[in-house]
Amino acid sequence: MTDSTAHLLSQIGSRLAGQLSLVSLDGRRRPAPPALVVVAHGSRDPRALSTVRALLERVRERRPGLPVHLGHIELNEPLLPDTLAGLGGREAVLVPLLLSRGYHIKRDIPEMAAASDAHARVAGALGPHPLLVDALYARLVEAGWRARTDEETRRASAVVLAAAGSRDPESRVDTGRTADMLAERLGVPVVPAYATTSAPTVPDAIRSLAARGRHRVAVASYFTAPGRFATECAEVAPWIASAPLGTHPAMAELLLHRYDNALRGAGNCATSHTQPALAM
């Protein structure tokens, strides 16, 4: 059996299992669970859309029978309002594919949810969360980071956590918390830096670390998918740069975790949408 045939049979099996999970032992059809709508920002880089679609396939594989949809804030189709319109009045949980709090989570997504006919709840940002640290660590190891080094090498090492940036101060708080957790995991300083809007920039953070004797600096790509910002940050890395988080298994797990958390908080949800929470 070829790999492609095995993969196809696995997909068929997963979809069949998902359909069977909707039928109870007495033969009655169980109510379908609320749809999971993953809300991506959107990008002009075609690699971003293909990465997000592949991530959604990972989510479907992990949770057969769960309706999983994609909606974008801008730049790519389907746009979130169109996705919500396609759901009609069905119940849905909107999980932003965004790593920290900011304007999109506080205003854009809730307003789009409120304007739709869908019975929608809005989950919180993906970060900060230990699962993101798992993904960041794995991507650094893939890029060449060695977990075990001598003390001299460790004293010369550091990481710049390269993020998109936001004018919202809570976004910086969230990114800083992720940097702290990654530093604890790695045992070296991790400095948050930004591709736009916020300071320090990634080159500034690298120079600051070099001035402190940290010349072995890795850039950890704190982006959900490839794009201009991730590429520009990687290009200035003096040593190694990790790939974006992308389709790492922890990302699919975290999307489902945020979905489940939103459902558990359903008793406190408004009819149209809820404000995001930061449950770990």
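This is a predicted model: local features need pLDDT of at least 70, side-chain atom pairs count only at pLDDT 80 or more; totals for chains, interfaces and linings use all residues.

Visitor: Which residue is the bridge partner of V160 in β7?
Guide: That's V219. Residues are numbered from 1 along each chain as its sequence is written, and side-chain values use heavy atoms, leaving out hydrogens and water.

Visitor: How many bridges join β5 to β7?
Guide: Six, with β5 (residues 157–163) and β7 running parallel. Strands here are DSSP runs of E with at least two residues, helices are runs of H or I with at least four, and both are numbered from the N terminus. Two strands pair if DSSP finds at least two bridges between them.

Visitor: What order do the strands of that sheet come in?
Guide: The order is β6-β5-β7, an open sheet of three strands with parallel pairing. β6 (190–194) and β7 (216–221) each have a single partner strand, so one side of each is left without a neighbour in the sheet.

Visitor: Which strands does helix α7 lie across?
Guide: Helix α7 (residues 169–186) lies across β5, β6 and β7, at about 145° to β6. Angles run from 0 to 180 degrees between N-to-C directions, with axes fitted to C-alpha atoms, for helices over the stretch in contact. Contact means heavy atoms within 4.5 Å.

Visitor: Changing topic: is P67 buried or exposed?
Guide: P67 counts as buried because its relative accessibility is 19%; buried means under 20% relative accessible area, exposed over 50%, and partly exposed in between, using a 1.4 Å probe and protein chains only.

Visitor: And where does P67 lie?
Guide: In the loop between α2 and β2 (68–72). Leaving aside residues up to four places away in sequence, P67 touches P33, P34, A35, L36 and R90.

Visitor: What stands opposite L36 in β2?
Guide: V68 does. Strand β1 (residues 35–40) pairs with β2 in the parallel sense over five bridges.

Visitor: What's the strand order in that sheet?
Guide: β2-β1-β3-β4, an open sheet of four strands with parallel pairing. At the edges are β2 and β4 (119–122), each pairing on one side only.

Visitor: Which helix lies across β1, β3 and β4?
Guide: That's α10 (residues 249–264), running at about 135° to β3 (91–96).
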